[in-house]
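Dear colleague,

Please find the structure below, handed over for your records.

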Amino acid sequence: MTKFKQYLELTKPRVVALLVFCAVIGMFLAVDSDGNRVLPTWQSGLFGTLGIWLASASAAAFNHLIDQRIDKLMARTSHRPLATGELTPMQVFVFAMSLGIVSMLVLVLLVNMLTAVLTFFSLIGYAVIYTAYLKRATPQNIVIGGLAGAAPPVLGWTAVTGSLHPYALQLLLIIFVWTPPHFWALAIFRVDDYSRAQVPMLPVTHGVTFTRWHILFYTVLLFLVTLLPFLTGMNGLIYLFGAVVLGIGFLWYAVRLFSSTDDFFPMKMFNYSIIYLMVLFAFLLADHWLVEPVIHLPVRFEPIV
Ligand code: HEM
Ligand SMILES: CC(C)=CCC/C(C)=C/CC/C(C)=C/COP(=O)(O)OP(=O)(O)O
C-alpha cells in the first residue's frame with residue numbers, strides 16, 4: 001500500500017509552500033550590482049525553486065524524526081505518521097536524507113555553490129540547531145531558530161545572481177522578525193500541549209501575559225522593519241502602502257490579544273500572520289515589477305543610507 005499521504009505530511013507541505021513562495025519572490029526581486037532588475041533564467045528559476053523546496057521538505061522530515069517523542073504527547077501533532085506508527089523512524093530517516101541529498105545535488109550542479117551552501121546551513125539550522133537543541137533548551141528557541149526559516153528569499157535571490165546583496169538581507173530580516181508573533185500566537189493557544197510535552201516555549205516558561213508583551217514588541221519591530229525596503233530605495237510607494245495597511249492589521253491583533261475574551265483569538269492572529277506574510281511579499285513583487293517599469297511612477301524614496 002502506498003504511503004504517499006504520510007510521506008507528503010512529513011514535508012509540512014503548507015509551511016514549505018509559503019517558504020518556497022517567499023524564495024520565488026526573492027528570485028524576482030533580485031537586482032545586479034548596478035541595481036538593475038534581473039530575471040531568473042529558466043535554469044536558475046526552475047532548479048533553484050526545486051532545490052530550495054526539497055531542502056525545506058528534508059528539514060521538515062528531519063523535524064518529524066527528531067520530535068517523534070514530543071509529537072506523540074501533543075494533541076496538535078499526535079496524528080503525525082511517526083506518532084501513529086504509520087511510518088517507521090528508518091523510513092523517515094531514509095526519506096529525509098534522500099530529499100536532502102537530491103536538493104544539494106540540484107543546487108550544487110544546476111544552480112550555484114553559494115545557494116547550495118546557504119541552503120545547507122538553513123537545513124542544518126532548522127533540523128539540528130533548532131529542533132534537536134534550541135527547542136528544548138530555551139524559550140528564545142524560535143527567535144534564534146527563526147533565522148533558518150527566514151532564509152528563503154535570500155536563497156532565491158542568490159540562486160539568480162550568485163551573490164549576496166544587502167537588499168536580500170532586508171527580506172530575511174522581515175521574516176526573522178515576523179516569526180515570533182507568528183509562532184507565539186499559536187503557542188498561547190497550544191500552551192497546554194507544550195507544557196505536557198515539557199517544551200520550554202515562552203507561554204509555558206513565562207506565562208501568557210509576558211508572551212503577549214513579547215508579541216507586541218516584535219509586531220512593532222516588524223512594522224518598522226517593513227519600512228526598510230522603502231527607506232533604502234529598494235521598493236516604492238505601492239509597497240509602502242501595502243506594508244503600512246498590513247502592519248496596522250497585525251498591530252491591531254497584537255493589541256487586541258490583551259483584551260480579547262475569545263479563546264480562539266490567538267489562532268485568528270496566527271492565521272492572519274500567514275496571510276500577512278503572503279500578501280506583503282506579493283506587494284514587494286507587484287511594486288518591483290509594476291510601479292516603475294509599467295506605470296512609470298517616480299515614487300522611490302532617495303535612499304537614506
Ligand atoms: C522557527 C520558526 C517557526 C516556527 C517555530 C513555526 C511554527 C509553526 C507551527 C507550530 C505551525 C503549526 C503547524 C501545524 O499545526 O501543522 C506553523 C504553521 C505554519 N507556518 Fe510556521 N513557524 C515558523 C516559521 C515559519 C516560516 C518561516 C514560514 C513561512 C515563511 C511559516 C509558515 C507557516 C504556515 C504557512 C503555516 C500553516 C500550516 C498549515 O496550515 O498547516 N512558518 N508554524
Ligand atoms: C532549507 C530551509 C529553508 C529550511 C527551513 C525549513 C523549515 C521547514 C522551516 C519552517 C519552520 C517551522 C515549520 C517550524 C516549526 O517547527 P516546530 O517543530 O516548532 O513545529 P511542529 O511542532 O509543528 O513540528
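Asp 193 and Arg 196 lie 3 residues apart in helix H11 (residues 191–196), so about one helical turn separates them. Helices here are DSSP runs (H or I, at least four residues), numbered from the N terminus. The side chains of these two residues, Asp 193 and Arg 196, meet in a salt bridge at 3.2 Å, N to O; the term denotes a side-chain nitrogen of Lys or Arg within 4 Å of a carboxyl oxygen of Asp or Glu. Asp 193 is buried at 4% relative accessibility, whereas Arg 196 is partly exposed at 47%. Buried means under 20% relative accessible area, exposed over 50%, and partly exposed in between (1.4 Å probe, protein chains only).

As to provenance, this is a predicted model, in which local features need pLDDT of at least 70, side-chain atom pairs count only at pLDDT 80 or more, and totals for chains, interfaces and linings use all residues. Residues are numbered from 1 along each chain as its sequence is written, chains are lettered from A and ligands numbered from 1 in the order in which they are written, and side-chain values use heavy atoms, leaving out hydrogens and water.

The search of the whole structure returned 5 salt bridges. Among them, Arg 80 pairs with Asp 71 at 3.3 Å, N to O, and both of these residues are buried. Lys 268 and Asp 262 form another, with their closest N and O atoms 2.8 Å apart. Lys 268 is partly exposed at 38%, and Asp 262 is likewise partly exposed, at 31%. Finally, a network of salt bridges links Asp 67, Lys 135 and Arg 136.

Yours sincerely

Definitions and conventions
Helix = DSSP H or I, 4+ residues; strand = E, 2+ residues; numbered from the N terminus.
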